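User: Please go through the two-chain arrangement with me by question and answer, giving the cut-offs behind each term.

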Amino acid sequence: MDVKFDRFASAAFLAVGVLFMIGSRKLASSSYGSSVGPDIFPFVLGLVLSLLSIRLFYEAFRGEGQESRQEKLQYKPFIIILLSTLIYILTLETIGYVITTFLFLFVCFQTMERNKWVTSLIISAGFSGIIYFLFVNVLKGTLPGWPIWFS
Amino acid sequence: MGTFDYLMHGFETALTWYNILFAFVGVLIGTAVGVLPGIGPMSGVALLIPVTASITGGLPPEQAATSAIILLAGVYYGAMYGGSTTSILLNTPGESSSVVTTLDGYQMAKKGRAGSALSISAIGSFVGGIVTLIAMIALAQPLSTIAIKFGPAEYFSLMLLGLAAVSGLAGKSVTKALIMTVCGLLIGTIGIDNVSGIARFTFDIPWLYQGVEFLTIAVGLFALGEVFKTILEKDEDDGEIAKINNLIPSKEEFKESAGPIARGSILGFFVGILPGAGATLASFFSYLMEKRISKKPGRFGTGAIAGVAGPETANNAASGGAMIPLLTLGIPGSGTTAILMGALMMYNVQPGPLLFEDHPQVAWGLIASMFIGNLMLLILNLPLVKVFAKIIETPKKYLIPIIIAISIFGVYAVQVSTYDLLLLLGCGVLGYFLSKNDYPIAPLVLGLVLGPMIENNMRRALTISDGDYSLFFTRPLSLTFLIVTALWLLIPVLLKKRGKDVVINIEG
C-alpha cells in the first residue's frame, strides 16, 4: 500500500465530496408533487464521501510504517503509448479512422518490441482496413473514414 | 403458460441460426479471454458491449437485446472454462477464479497428467453450469413472484444491501471499497434528473446532459486499466507450457472426482447467489472443503484430482448462480454481472422481477442459450484444448495495442464523441492507479449502474410517505435488508479487530 497515494487520494476524495455538497445546495430542494427534491441524494452522498475520505486519511496516517514495495516500472513505453493514444483520439475526427488507426497501431507495436516491422506493418494495415470495411460497408455504421479535406 | 412452455419458447429463440452463432462467438471469445492472462471476464465483457451493440444494430430492439446478452453471457461463463487451462499448463491463472486450480492442476501437469486435469475441469465446469441452470429455472419464477411485491422502500434497502455486500468483500480495505461505491453513485447523479428534469452538475456542458456513459467508464477502468498495467509491469519470464498427452482420464480419476464435482456444483451455486461473493470465493471454499473432508488431505498440493475438479466446478456454478439475482431481482452481485446489467439497460431492457413478464424472450432465450453454450464449451474444450493452449503464445506486442484500438473503436462507434474518448483514456489511467493502490473498481461500476435506480426508489418511497424517513425502518422487509446491510459491513471490521483473517474477494 502506497501511503503517499492514499493521503493524496483522501484529500482529492474529500474535495470531490465537499464540491458535490456545495453543488447540490444550489439545486432545487423540491420537485413538482413531492417534497423530496433532486438535491438530497447527491448531498447525502457527498457527505458520506467526505466522512469516508477523512477515515481513509486516518487509516493512511496510522499505517505510516509500511513502505511501499518498489517495482521496476516501464515508464518509457507507457508514456509513448499514452501520448500516441491521446494524439490518435484528437486526430481521429479530422484525419479519419483508417490512417490514424494504422499509424497508432504501428507506433504501439514497435514501442512494445522493436522487431519484425514488416509484420507490424501488415497487422496494423489489416486491422484498420478490415474494421473500417466491416463496420461501414457491412454493418452500415458511421465512422470518419478519410481526411476531411479528401471528401 | 408454465415454466416448461416458457423454456421451450426460450429454446426456439436460442436455436435461431444467428443466436447459435452469437452463443458460439461468445463462448469462443470467452474461452480466449479466460486463457489470456491480463484480460479478465470483466474487461472482456466490457470491451465487447460496444462491438455487439454495433453488430446487433440491424435487428429489432428485443431481438437485438437477446442476441447481445447471449453473446456477453457466453463470454462470462466461457471465461470460467478457459481460466483453468493456463492454471494447469503454465501455473499462471488466466483469471482470479482459477487461482486455486494452480495448486493441484500444475502439479498434475508436471507429473504428465495435464490431459486428465484439463478434461476433468472441463467436465466439472459443464456439470456445474448445467446444475445451476436447472436450479435457476426452478427458482426464477418463484423469486420474481416474491420480488414483484416489493415496494420502492424494499427495493431501496435491497439495493443498499447489494452495494454493501460487494463493497464489504471487495479488496483489502472496506473504506476504500466504500469510497469507490459512493464515487460510482455520485457519477450516476450527473446529468438531467429523471424526476424533476433539472440538470445536475452539468456546468452547462451539453455533453454531460445525458449523463456520464456507463460504457465509457467500464471499458476505460477495466480494459484500458489492465492494458496499462501490462505495459508498465512487463514481465518477460513466461514459463514453459506443459505437454498435453492423454486427454481421457482413467476410471479411477473419474471415481475420485465425481464427489468433488457434485459438491462443487451445489456449493458454487449457493455462493454465486450471495451478492458480493462470486466465482473466486466459490473456488476457494470448494478447495478448502475438499481438503477437509478428504481421507488423505496430505495429497492436496501434490496433484490431487479432487483439488482440480471441485474448484473448477464451483467457479462455473457460481457464475451461473450470480445470474439469478441479476435476472430476478435486478440486482447484480458482482462486477461482471453489473456490466451485464448495464448492457441490458443500454437496450432498454430492465432486469428485475418484471423481466420474465415483459421480456420473456430475453430472459428465457438467455437461459436456453446457456444450455447450448455450456454444451459447446464442453465440446470445444475437450478436443480443442490444445488449440486454445496456443492462444497463450499470442505475443503481447500485438495484443495490447489491439485492445486499445478495439476499446477506442467500440466507444466511438456507440457514442460518436471525442469527449467520450478522452474520458475513456482518463479512466484508463485512473483505473490503473486505483487498482494498483487497492481501490477496487467493481464497486464503482456497480454504484454507477445502480445509482439512478436507488435514487428513484428512495424518492418514490419518500414521496409516498410524504418525506418521512422512518418508512425504511418500519416496513419489516425493508428493515431486515437494512439490518443485514449493517451487519455485512460491520462484521468483517469487528473480525479484523479481533485479529482474524477475513477472506476477501480478489475478483476486482
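Predicted model: local features only at pLDDT ≥ 70, side-chain atom pairs only at ≥ 80, totals over all residues.

Analyst: Residues are numbered from 1 along each chain as its sequence is written, and chains are lettered from A and ligands numbered from 1 in the order in which they are written.

User: What does helix α2 of chain A reach from its first C-alpha to its last?

Analyst: Helices are DSSP runs of H or I with at least four residues, and strands are runs of E with at least two, numbered from the N terminus. The expected span is 1.5 Å times one less than the number of residues. For α2(A), residues 40–62, there are 23 residues, and the reach is close to the expected 33 Å, namely 33 Å.

User: Which element gives the most to the side of chain A that touches chain B?

Analyst: Counting a contact when two C-beta atoms, placed from the backbone, lie within 7 Å, 52 residues of chain A meet 50 residues of chain B. Helices α1, α2, α3 (75–95), α4 (97–112) and α5 (117–138) of chain A each supply at least two residues of that side of chain A. The most, 10 residues, comes from α2(A).

User: Is Phe201(B) buried or exposed?

Analyst: Phe201(B) lies in the loop between β2 and α9 (214–232) of chain B and has a positive phi of about 50 degrees although it is not a glycine. A residue is buried if 20 or more other C-beta atoms, placed from the backbone, lie within 10 Å of its own, exposed if 12 or fewer, and partly exposed in between. Because Phe201(B) has 20 C-beta neighbours inside 10 Å, it counts as buried.

User: Is Asp204(B) buried or exposed?

Analyst: Asp204(B) is placed in the loop between β2 and α9 of chain B, and its phi is positive, about 60 degrees, although it is not a glycine. With 7 other C-beta atoms within 10 Å, Asp204(B) is exposed.
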